[in-house]
Amino acid sequence: MKTGKMKNLVVLSGAGMSAESGIRTFRDMGGLWEEYDVTEVASLQAWEKDRDLVLRFYNERRKQLLLCKPNKGHYGLAELEKYFKVTIITQNVDDLHERAGSSEVFHLHGELKKARSTVDENLIYDIDGWELKKGDKCERGLQLRPHVVWFGEAVPTIEKASEICRTADIFVVIGTSLNVYPAAGLINYVPQNIPIFLIDPNEVNTPSRDVKFIKEKAGVGVEKLIDILKRVK
Ligand code: OAD
């Protein structure tokens, strides 16, 4: 192993990362957005129209998450911290990267196990168990909402995430269809001439960059990635 400063390995993960943990993706066959109309459950309009429905949708997701465990892919990324300075930028609202032991996890679209105030976005609370209810209030006395970014809302952490991408020596994309912006645009901040690996069992369109495609599910894909990286480290 090379001594001296560790290289920065930056990962952008999406729903496919957690598929083998039993969490449904959004746009695959049988994906969540096939069953639900995204604007009916994951938008500010939905929240204004039917809070019960929105709370129920996220309560179901949270209930399911409590039963899930990290998979081999999550654990493999945590193991890579032995060799690299790993930063994970995830679009996922689950906490499986953290539970697998990754120490730098940056959530772009929020966190399912947290709630936040509807009047002050800086008032964020852990949810105890699976349920966020109507009547659960922040310290200023107003209803709490899921701490997730909804469609039509800005992604407040995107600038910080693009800064992280600029520092990458190696960039890895795992389990995202790269359909949702601004997250999908992060690849454009990655320096030219550094290797970009993409792990996905299906073809993914990355118009702007050449990638080394590992056509596998996250578990096996991360294992193969580790083999490759151990040779170049
Ligand atoms: P998608 O559902 O759009 O894409 C999932 C990707 O994972 C696809 O490219 C699949 O081929 C791939 N995939 C499926 N099974 C896999 C496996 N076992 N291992 C690896 N890859 C696998 O999910 P995202 O790109 O994450 O936003 O979606 C982005 C955002 O859209 C989400 O964060 C969510 C959603 O609407 C919000 O809720 C704000």
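R61 lies over the face of F57, 4.6 Å from the ring centre. A charge counts as over a ring if NZ of Lys or CZ of Arg is within 6 Å of the ring centre and within 35 degrees of the ring normal. The exercises start from this ring.

The model is predicted: local features need pLDDT of at least 70, side-chain atom pairs count only at pLDDT 80 or more, and totals for chains, interfaces and linings use all residues. Residues are numbered from 1 along each chain as its sequence is written, and side-chain values use heavy atoms, without hydrogens or water.

**Exercise 1.** Classify the ring pair of Y36 and F57.

Solution. 
- Recall the rule: rings of Phe, Tyr and Trp (its six-membered ring) pair if their centres lie within 6.5 Å; planes under 30 degrees apart are stacked, over 60 edge-to-face, the rest tilted.
- Take the geometry. The centres of Y36 and F57 are 4.8 Å apart and the planes stand at 70°, so the pair is edge-to-face.
- Place the residues. Y36 sits in the loop between α1 (32–35) and α2 (38–41), and F57 in helix α4, 21 residues apart. Helices (H or I, at least four residues) and strands (E, at least two) are DSSP runs, numbered from the N terminus.
- Check exposure. Buried means under 20% relative accessible area, exposed over 50%, partly exposed in between (1.4 Å probe, protein chains only). Y36 is partly exposed at 25%. F57 is buried at 4%.

**Exercise 2.** Classify the pair of W47 and W150, and state what it ties together.

Solution. 
- The ring centres of W47 and W150 lie 5.7 Å apart with planes at 40°, so the pair is tilted.
- W47 belongs to helix α3 (residues 44–49) and W150 to the loop between β6 and α7 (158–166), so the pair ties together parts 103 residues apart in sequence.
- Both W47 and W150 are buried.
- Widen the view. The structure holds seven aromatic pairs. Ring pairs link a cluster that includes Y36, W47, F57 and W150.
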